[in-house]
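Welcome, and please load the model in your viewer. We will go from one selection to the next and say what is there.

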Amino acid sequence: MDNIAIKVTDVEKIYKLYDKPSDRIREALGFGRGKHHTEHHALKGVNLTIRQGECVGIIGTNGSGKSTILKIITGVLNATRGTVEVNGRISALLELGAGFNMEYNGIENIYLNGTMIGFSEKEIDEKLEAILEFADIGEYVYQPVKTYSSGMFVRLAFAVAINIEPEILIVDEALSVGDVFFQAKCYHKFEEFKEMGKTIVFVSHDLSSISKYCDRVVLLNQGTKLGEGRPKEMIDIYKQVLVGQYAAPEAEQDRLLDDEELRRAASGGKAGMKSGGKAGSAEQDAAVAENPELLEYGSKKAVITEYYITDEQGIRTSAIIKGSTFSICMKVRMEEDIQAPIFAFTIKNVRGTEITGTNTMFEKAFLDPVYAGDIREVSFKQEMNLQGGDYLLSLGVTGYENDDFTVYHRLYDVLNLSVISDKDTVGFYDMNSEVEVRSVEG
């Protein structure tokens with residue numbers, strides 16, 4: 001179709017791994033019988049279609065094939081099998097500065113990189129001022145790059161890559177370079193690309209950025225495309241993969257999960273959790289906005305049996321007035337002995353960005369062992385300083401077993417938390433500034 005920017009069809013990437021260099025030579029020359037290598041499948045029959053103007057995120061654990069597929073799309077690597085079609089000029093933020101000559105100064109490297117990307121000298125002349133302004137490394141641009149600090153090096157490399165006018169932008173963990181001010185500039189440029197309708201493929205471990213910028217997310221795991229869909233659904237499944245507690249439905253192991261299956265997986269099967277409303281009156285039931293498709297997983301050595309939010313009068317509700325105190329509560333039943341359970345909560349905005357949260361380990365509030373049959377009621381009391389709006393509450397019980405982090409029970413986006421406010425400031429939360437304005441004589 002005419003509006004397809006990138007089409008990846010049945011792409012596989014197999015690396016040959018040799019125990020020692022001589023094995024590579026022996027195999028190349030045909031000495032001895034059989035293979036002298038083992039095969040590593042970095043990608044296994046991956047299919048991907050990205051349309052013009054889309055911002056698509058790719059997430060997955062280390063070694064899942066994220067960077068490999070980007071390098072195949074950009075032509076840095078060749079696929080072992082399969083095809084890749086790209087319609088449009090690509091700018092790739094992969095290994096920043098990989099094409100720099102360390103003996104050249106900054107200006108010379110700008111022209112060198114621009115030429116490698118495919119620009120004429122005249123086109124680079126037109127972009128030079130914008131590149132130098134973005135990099136903001138001053139007179140160092142006339143010095144050999146081998147004299148640069150690592151921060152100056154990546155600033156210049158990023159400025160070169162971002163200030164051309166590509167139709168397709170490929171980004172691999174490159175938006176966190178330099179100091180906080182330069183990062184803000186990078187993200188602003190990224191937003192400009194989105195507003196201009198550029199096609200963007202974005203790989204990052206920063207799930208907040210993935211959730212904020214991406215229209216669609218692809219999840220890779222061990223070289224296989226596990227699924228694709230809305231950012232929130234894919235991030236929730238990815239979190240299960242991270243702690244080794246995601247398994248595709250038995251009948252679906254050998255094929256890609258479709259949208260309905262992803263929704264079912266993300267909801268954790270809806271195992272009939274009891275909300276705070278279940279323990280309260282009918283009026284309390286109506287006041288608590290519980291997610292009917294919550295994500296639930298864990299080993300269940302400890303189980304969250306009840307959860308709710310109370311206002312400063314102790315009334316169960318999902319609406320809290322900004323500036324007042326409120327409590328996040330849960331009841332947990334221990335199914336087995338646990339050395340030191342950790343009780344936690346996280347608050348996210350509706351786009352999936354984690355805003356705040358804490359746990360009993362951080363707060364040094366409970367570090368005791370518990371035993372099978374024990375029940376603990378946990379309450380986190382705090383002041384509501386978030387801006388007015390809707391948020392999502394997640395709860396968890398975790399711990400360490402022989403130094404290994406273990407999830408006993410997690411409930412993602414279990415309750416809606418609405419903050420009622422008549423004064424909102426900038427950002428996620430209010431600094432509660434005390435303002436003083438005084439007249440002075442000139």
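Strands here are DSSP runs of E with at least two residues, and helices are runs of H or I with at least four residues, both numbered from the N terminus. The model is predicted, so to speak a calculated one: local features need pLDDT of at least 70, side-chain atom pairs count only at pLDDT 80 or more, and totals for chains, interfaces and linings use all residues. Residues are numbered from 1 along each chain as its sequence is written, and side-chain values use heavy atoms, with hydrogens and water left out.

Start with strand β1, residues 4-18, and pick Asp-10 within that strand. Its phi is near 50 degrees, a positive value in a residue other than glycine. Asp-10 is partly exposed because its relative accessibility is 45% (buried is under 20%, exposed over 50%, partly exposed in between, with a 1.4 Å probe and protein chains only).

Zoom in on β1 and β2, which are joined by 11 bridges.

Finally, jump to the loop between β10 (295-297) and β11 (302-310), where Lys-300 is found. Lys-300 also has a positive phi, near 70 degrees. At 31% relative accessibility, Lys-300 counts as partly exposed.

Definitions and conventions. Two strands pair if DSSP finds at least two bridges between them.
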